[in-house]
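Q: I should like to learn how to read the features of a protein model. May we work through one together?

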Amino acid sequence: MAEGPPQVQALRQTDEPLSRETLSELINVTKACASAKNVRPVHYTVLSRPFLTEFATAIAHVIPEGPMTPFAGAILKGHDVLFRGAPHVIVAHAKEDVPFSPESDCVIAMSAMEMMAVAKGLGTVWVGFLTRMITLPGMSELAGIPEDHKVYCCLAVGHKAPAIPHIRPAPREDVPITFHE
Ligand SMILES: Cc1cc2nc3c(=O)[nH]c(=O)nc-3n(C[C@H](O)[C@H](O)[C@H](O)COP(=O)(O)O)c2cc1C
């Protein structure tokens, strides 16, 4: 296995909550992150159980007819296809009128947080579905996101399930690189 940054694997976690101290420590790692024009626009909201369970149901009720309909059905049958059983989801958001690149700032910060979580032996998974679903009517408000903010990325965190070996299930090939000189 090549040397590199800590391996990132989809979270297969226990539902045991993390302490607020641990969550704050993870989030505060992002103090060191770069942001465009050094504006540092990223805000964080930590969603935890039992709210996450109620939130999934609320989302299922507003998913419109279409490609996401099966997700609504699965959630309403009690399958946690959205949060994968995670005890917490950290939401990164910024004011909509931030003029530079709030999306990049949020992703940079969340990636740093993810690396810190992995280095601490925790499990993580990006929840791209939530980044979409939180735009459905009333959902951002329900999650306590300020009205003038936009959500850019969401990361679930928890303790890794002890039975899961720390292996990467999908083989990683070297990535395509173009050197243009
Ligand atoms: C931007 C982004 C969004 C993702 N959204 C989801 C998601 O909503 N649900 C999910 O289960 N996994 C999500 N993932 C996780 C990936 O599908 C995949 O599990 C991850 O790349 C690690 O794969 P591995 O654990 O198989 O190595 C997302 C990953 C990224 C980078």
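Q: Which residues does Ala92 touch, not counting residues up to four places away in sequence?

A: The model shown here is predicted. In it, Ala92 touches Val42, Tyr44, Cys106, Ala109, Met110, Tyr152 and Cys153, when residues up to four places away in sequence are not counted.

Q: Which residues touch the most other members of the largest nonpolar core?

A: That core has 38 residues, and Val89, Ala92 and Leu155 touch the most other members. At least two core residues come from each of helix 1 (20-28), helix 2 (51-62), helix 3 (69-76), strand 2 (88-95), helix 4 (102-119), helix 5 (128-133) and strand 4 (149-159). Strand 4 contributes the most, with seven residues.

Q: How should I read a sheet, and which strands stand at its edges?

A: In general, the strands of a sheet pair through backbone hydrogen bonds, in either a parallel or an antiparallel manner. Here, four strands form an open sheet in the order 1-2-4-3, and the pairing is antiparallel. Strand 1 (43-48) and strand 3 (122-126) are at the edges; each has a single partner strand, so one side of each lacks a neighbour in the sheet. On average, neighbouring strands of the sheet are turned by 25 degrees against each other, direction ignored.

Q: How many bridges join strand 2 to strand 4?

A: Eight bridges join these two antiparallel strands. As one example, His88 has Val157 in strand 4 as its bridge partner. Helix 2 packs on the sheet, where it touches strand 1 and strand 2, and its direction makes about 95 degrees with that of strand 1.

Q: Where does helix 4 lie?

A: Helix 4 lies across strand 2, strand 3 and strand 4, and runs at about 5 degrees to strand 4. A simple check concerns its length: at 1.5 Å a residue, its 18 residues should span 26 Å, and this agrees with its end C-alpha atoms, which are 26 Å apart.

Q: Which residues of helix 4 are buried, and why do they line one face of the helix?

A: The general idea is that an α-helix has 3.6 residues a turn, so residues three or four places apart point the same way. In helix 4, the buried residues are Pro102, Asp105, Cys106, Ala109, Met110, Met113, Glu114 and Ala117. Seen down the helix axis, they fall within an arc of 165 degrees, and therefore they line one face. These buried residues pack against helix 1, strand 2, strand 3 and strand 4.

Technical notes:
Residues numbered from 1 in each chain as written. Predicted model: local features only at pLDDT ≥ 70, side-chain atom pairs only at ≥ 80, totals over all residues. Core = buried A, V, L, I, M, F, W, Y, C linked by C-beta atoms within 7 Å. Buried ≥ 20, exposed ≤ 12 C-beta atoms within 10 Å, placed from the backbone. Contact = placed C-beta atoms within 7 Å. Pairing = 2+ DSSP bridges. Axes fitted to C-alpha atoms, helices over the stretch in contact; angles between N-to-C directions. Expected span 1.5 Å × (residues − 1). Arc of directions from axis to C-beta.
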